[in-house]
Amino acid sequence: HFHSIFPPASFMSYYSAISPFHVTSCLSSSGEIVVNEVSFVRKCIGSDSSHGDLWGKLICTNFKVSFITHDALPMQRFQVANRLLGEHDVPLACVEQVVTVNDAKGKQKVLCSNQKLKFNPTELILYCKDFRIIRFRFDEAGPQSAKKVCLAIAHYSQPADPQLLFGFEYVGKQYYRVNGVDPGGGLQMPLFDRPSEWDREIKRTGAAEWRVCSINEGYVVSPSLPEYFVVPVSLADQDLKQYLCFFTAHRIPLWCWNHPNGSALVRMASISDPLQQRKLDQRICSAITKSHPQRSDVLKSDLDKNLPNIQDIQAAFVKVRQICVIEPFEESEEKWLSSMESSRWLEYVRAFLKHSAEVVYLLEGKHVSVILQEEEDRDLSCVVSSLVQLMLDPHFRSLTGFQSLVQKEWVMAGHRFLDRCNHLKKNDKEESPLFQLFLDCVWQIINQYPAAFEFTETYLTVLSDSMWIPVFSTFLFNCPHSHTHTKRQTQEDFAKSKCIPVGEEKALRFPPVWDWSQQFTPKDQALFNNPMYVGKGATCVQNGAVKSFRRTKKNYSSTLRGMPSSLRNILMDGHDSLTLTRRNSLVSRLKPDFSQIREVVESPTERFFRDWVSRPADLQGMLIPQLLPSHLALWRLYFLRWVPEASIPKGGPVTAYHKLSQLADEVEKLQSQLRQYKGATSASTTTSTPSAPPSDHSRMYFKAGSTHESSSTPEYLSSSFPFSPVGNMCRRSILGTPLSKFLNGAKIWLSTETLANEAL
C-alpha cells in the first residue's frame, strides 16, 4: 500500500503525497513538516512500573520524532538545549530500528519502510544510533492513530534517496550563501575548498617545497578527491595526469602535513597496475625526498595489512553496544570487564593509536617522510593521518585547529560519511563507525593529557551526535564532489520552491557542523571549553604580569634520539615494532632494583623511551599516548550516558570540571582587573579618560562568584552531564527484544515478518 502512497517523485511531491499520514502543519521556517501525530501517549520512564511516566503527544515530522508533554521530569534541571531538537526529540536519522508490539496478541514486528502492520500496536520501541532506547505506550491512544504514527516513523527514518534527507529541505529555507557570505555563520576556520586556504596551511607548516595543485578543478580527474590539494613542487601537473590512471579511483598521493624538520606526512591509494608499481613508487618517493631539506628517506606504511578492517570495527562496535546498553549490568565487575575486552573495541582503539605513534616516531625521531597507503585512501588513513597530526602539532589540539583537521583529513579527503553512517540504510556492510573510533582515540589522549586540549569530551560527544542530525554537509555526503553534484542537481527546484532570488541559486550551501550557532547558544557552547587548557595564547599571571604561553620551535619538537634502525623493516612487515609504555610506567616497573638497570645493555628503542620518559610532558610539543591495555579506558560519557545504573549523582569527572571552570573564570576576572588597573595607571599619566567597563564575557560555563552558582556541586550534576539518562532510556525486559537477538549474533536485522508468540 505504501508504494501507492509514496511514489518515487521529486522532493516536494514526496511531501505532498503523504496525505494518509495527515500532514497537518509546517512547524517553522526551517521546512519541518508534521506528518502524523497521536495524543494520550505515555513515554516510559520507570523500568518496573508506570510511576513517573510522562503523558503527552507523539509527533512524527519529516525531521524527527517529537514527544510534547507538560509533565516535568523528576530532578531534571539541566540538559543540553539543542536549538534544532527539543528535550524529548530524536532525529529520524538517529533511529536505528522501529519495533511495534501488541501485548494482547503477543506479537511484535520490526517495521521497515513501505510495510503493512496487521495489528494495532500497544507499544513502540525506538532503538537509536546514539545508544538510546525509548519506549512509548498507546494504552489510552486511538489504535488507528497509533498505527499511522508508527508507520510514518518507520517510513521517514529510512529514506530511499539522499534528497529525501531533511537537510535538503532545511537548507533551502534556512541556509544559503548570499554573495559568498555565510548568514549567521562567520566561521573562523578553513574549509579547504579554495586554494588560498591550502596555501595558508603550507605556510603555517613551513612546507616550502610543496604547492597547491588544481588539476582536479571541477572534479575532472577524480570524483573522490578535493578540487585542490597539495603535491611536491618537483611534480608537474602533466606528470600527475599521467600517473593518476594507475591509482585506485585515480586518487594520487595527497600531502597531509609537514614536520618542522622537513619530514612530510602523505596519504595515497593503492597502485592498481602491478606492472607500474615499482616505477611509480620510485617517482613518488623521489619527489617527496626532494621536498625534504635533508633529502631523507621515504617510508611507506600499508594500513590495510597493519590495522583492522571496517567490518571488524563495526562488529566490535555492535558488541560494545550490546554490553553497554542491552545487557543488564553485572554484579561482577570482572565479568563486565571481560565482556568488554572480548568485544575488541578497545583493542582496535589501541591498534590505531599505536600505529599512529609509530608514524610519529618516524617523522619526529628519524626525520623521514611517511606515506600512508590504503586501498582507496578513504577510511583507515583518515584515522591515522588525523591522529599523527594531533600528536605532533599543538595547533590541532585547539578547537578551531581540531575542526580544520577533521575538515581536511575527513571531509575534503572523501571519507564516505553517507555510507559509513548508513543514513539511507541501504547496505549494512558499508556501515562502520570509523569516525566514532577516531573520536574515542582522541578522548584517550585527552584523558591522559587533559591540559593539552582546548576542547572537552562534551564537545567530542556532541560532535558525534551531530552525525545523526541530517542538515550538516560535514556528514551528509561521501565526498566533496557528491556534495557539489547533489547541490547543483537540486538548485533549480530549490530556487523555485523556496523563492530564492534569481542569480542567487548558485549560492545554495549546506551548513557545516562547525557553525555551532545552528545548534547551541553561546552559553551552551562554553561547555566545549576546557578550563585546564595550556595552549598557544593561553594566559597566566607571573610576577604580577599577565603573560601568554607561546609555542617555539625549541619546545615544539622533543629532542628524541636513538630510533632503532630495524624499525623500518619491522613496520613494513606489520609486526609489533614498539611496545609503547606509559610515561613513568617503565620507571615504575623497574623501581625495585635500579642496580639491575645499569647492568643491562639498553637497546636504541629502550633508550628512546627512557629519554622521553625522563622529561615532563611538553603540552605544546609531541604527545605520545600511554598504550598498555591498563592505560586505555572505556569512554563513559559516550557509551554509558543513557544508562541509569551507570550514572553517578554529583560524581564523575564533571565535579572536577565544575570546580576548575569556576577557578578559571575567577582567574579570567582577576586578569581583566589587572589589565584595567594597568590601563588606568597608564592613562592617569597621560590623560584622564576613564577606562572601559569590565567585560562580562567568559569562556567558562560555570562562573565564579555568581549568585546563581554555588561553590558546592549542583544537585543536577552527574557523571552523565550534560546529558541525562532520565526519560531517555528504559530497559524493561530488553533481553527479549529484536535488537538483543541481533546483537547476540544475527548477521542481519530481524526479519520483517511478524514475530508471533514471543513476549517481550
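A residue counts as buried when its relative accessible area is under 20%. Keep that cut-off in mind as we walk through this predicted model.

Let's begin with helix H9, which runs over residues 310–326. Of its 17 residues, 13 are buried, so H9 is largely enclosed by the rest of the structure. From first C-alpha to last, this helix reaches 23 Å, close to the 24 Å expected at 1.5 Å a residue. Look at the start of H9 too: there, a side-chain oxygen of Asn309 comes to within 3.1 Å of the backbone nitrogen of Gln311.

The model has seven cavities of 30 Å³ or more, and the largest cavity holds about 150 Å³ of space. Its lining is made up of 18 residues, and those closest to the centre are Phe317, Glu431, Pro433, Gln436 and Trp468. Which elements give two or more residues to this lining? They are H9, helix H14 (417–420) and helix H15 (434–448). H9 gives the largest share, with four residues. Sorted by class, the lining of the largest cavity has nine nonpolar, five charged and four polar residues.

Now for a pair of strands. Strand E5 (residues 95–102) and E6 pair in the antiparallel sense, over five bridges. Within this pairing, Val99 stands opposite Val110 in E6. The two strands form a hairpin with four residues between them, and in this hairpin Gly106 takes a positive phi near 65°. Is strand E6 mostly covered or uncovered? E6, which spans residues 107–111, is mostly covered, as four of its five residues are buried.

Definitions and conventions:
Residues are numbered from 1 along each chain as its sequence is written. This is a predicted model: local features need pLDDT of at least 70, side-chain atom pairs count only at pLDDT 80 or more; totals for chains, interfaces and linings use all residues. Side-chain values use heavy atoms; hydrogens and water are left out. The expected span of a helix is 1.5 Å times one less than its number of residues. Buried means under 20% relative accessible area, exposed over 50%, partly exposed in between (1.4 Å probe, protein chains only). A polar contact is a pair of N or O atoms within 3.5 Å; within protein, one must be able to donate a hydrogen and the other to accept it, and residues adjacent in sequence count only if both atoms are side-chain atoms. On a 1 Å grid over the protein atoms alone, a cavity is a set of points where a 1.4 Å probe fits but cannot get out, and a pocket is an open set with protein on both sides within 12 Å along at least five of seven lines; lining residues have an atom within 4 Å of a point. Grid points are joined across faces, edges and corners, and a volume is the space filled by probe spheres set on the points. Ala, Val, Leu, Ile, Met, Phe, Trp, Tyr, Cys and Pro count as nonpolar, Asp, Glu, Lys and Arg as charged, and the others, Gly among them, as polar. Two strands pair if DSSP finds at least two bridges between them.
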